[in-house]
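Me: I would like to learn how to read a protein model, one feature at a time. Could you take me through this one?

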Amino acid sequence: MKRHEQLGFNFFRYCNENLSNTNEYNIARIIIEHIGDIKTVSLEQIAQEANISIASVSRFVQKIGYSSFQDFKDGLDYFIRNLNMVRTVSNMQQFMRTSLDNLADSLYVEAISNLRQTKLNLDMEKLVAITKLLLNSRSVTFIGDTHEMIDFYTVQLDLVANEVPAYLFDLQEFQDIHSDFFKDGDTLVLLNVSNDFYSEIQKRVVEKASQKNLKLVVFAQDDLAEQKIFDYIYQYGIPKSINDGYYSLFYLSQIISELIYKVRVIKKS
């Protein structure tokens, strides 16, 4: 993924989930209100409309990863224009001559197809083995994007309910910091619907975990170049189907959540 694409996603993720105070909220609100003319709006105008200092606006964009406000404007403008182009082309290729009812039917079929492929290839023996590993871990850390984390939120809660420390990290700087505290007996689980979403920081976290001899698990739709370092590789969905994989990932998370209690009962009996 190109730098401006990654930073564009980071900007909206930060605005959606991690604004830390009213100053940041006001800056983000004004920037998004100017999304149509972001290329020409000035740093001074953003600061004035947000009723905040110029220095605060500069710190905000640097916090996301941009080198300057000009870098931010250029990057966000590129991200918006590129996103619009990619989605427009995709929509035209799939649905240009499609009625509204057929559009809905087509999306439904794609979602069901992904789930069906996951069900056809379901490997309960491997899922049970992964669940046992999670239950016997000193701690479990899940990494992925925001949507993947949402899919596995219940798994985190079920592990914690069974006294296994569990973490969900989609904020990349926290993923990097957290990896410094990995210890023997910990398990790292990578959730991945597309290689395009596998960031450099996530790769570094996986590499650190491997060097510290953690158990490594990956749930992936696409083949990963680094797959040899994983102890368990669970392939699901349809390669290159990207977002449809979230349906299957949630399905797998529900299975694992129930297996946590099933395996626990088996262990006690």
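Me: How far apart do the end C-alpha atoms of residues 7-83 lie, and what share of the span is helix and what share strand?

Reply: Please keep in mind that this is a predicted model. The end C-alpha atoms of residues 7-83 are 13 Å apart, and the span is 74% helix and 0% strand. The UniProt record, an unreviewed entry, gives residues 7-83 the feature "domain: HTH rpiR-type".

Me: Which domains does the domain assignment give for the protein chain?

Reply: The assignment gives domain 1 at residues 1-86 and domain 2 at residues 115-264. Taken over C-alpha atoms, the centres of domain 1 and domain 2 are separated by 31 Å. The C-alpha trace of the protein chain spans about 65 × 50 × 30 Å along its principal axes.

Me: How many helices and strands are there in the protein chain?

Reply: You can find 12 helices and 5 strands in the protein chain. Sequence distance is worth a look too: among contacts between residues at least 6 apart in sequence, 71% join residues at least 24 apart.

Me: What share of the residues of the protein chain count as buried?

Reply: Of its 269 residues, 45% count as buried. The protein chain exposes about 14500 Å², with 54% of that supplied by carbon and sulfur atoms.

Me: Where are the mean positions of the positive and negative charges, relative to each other?

Reply: There are 28 positive and 35 negative charges in the protein chain, and their mean positions are 4 Å apart.

Me: What is the phi of Ile242?

Reply: Phi of Ile242 is near 50°, a positive value in a residue other than glycine. Ile242 lies in the loop between β5 and α12. With a relative accessible area of 28%, Ile242 is partly exposed.

Notes:
Residues numbered from 1 in each chain as written. Predicted model: local features only at pLDDT ≥ 70, side-chain atom pairs only at ≥ 80, totals over all residues. Heavy atoms only, no water. Helix = DSSP H or I, 4+ residues; strand = E, 2+ residues; numbered from the N terminus. Buried < 20%, exposed > 50% of the residue type's maximum accessible area, 1.4 Å probe, protein only. Contact = heavy atoms within 4.5 Å. Areas by Shrake-Rupley, 256 points an atom, 1.4 Å probe, with all protein chains shown as cover. Lys, Arg positive; Asp, Glu negative; His and termini not counted. Charge placed at Lys NZ, Arg CZ, Asp CG, Glu CD. Domains from an automatic or database assignment. UniProt positions renumbered as here; feature names shortened; annotations may be inferred.
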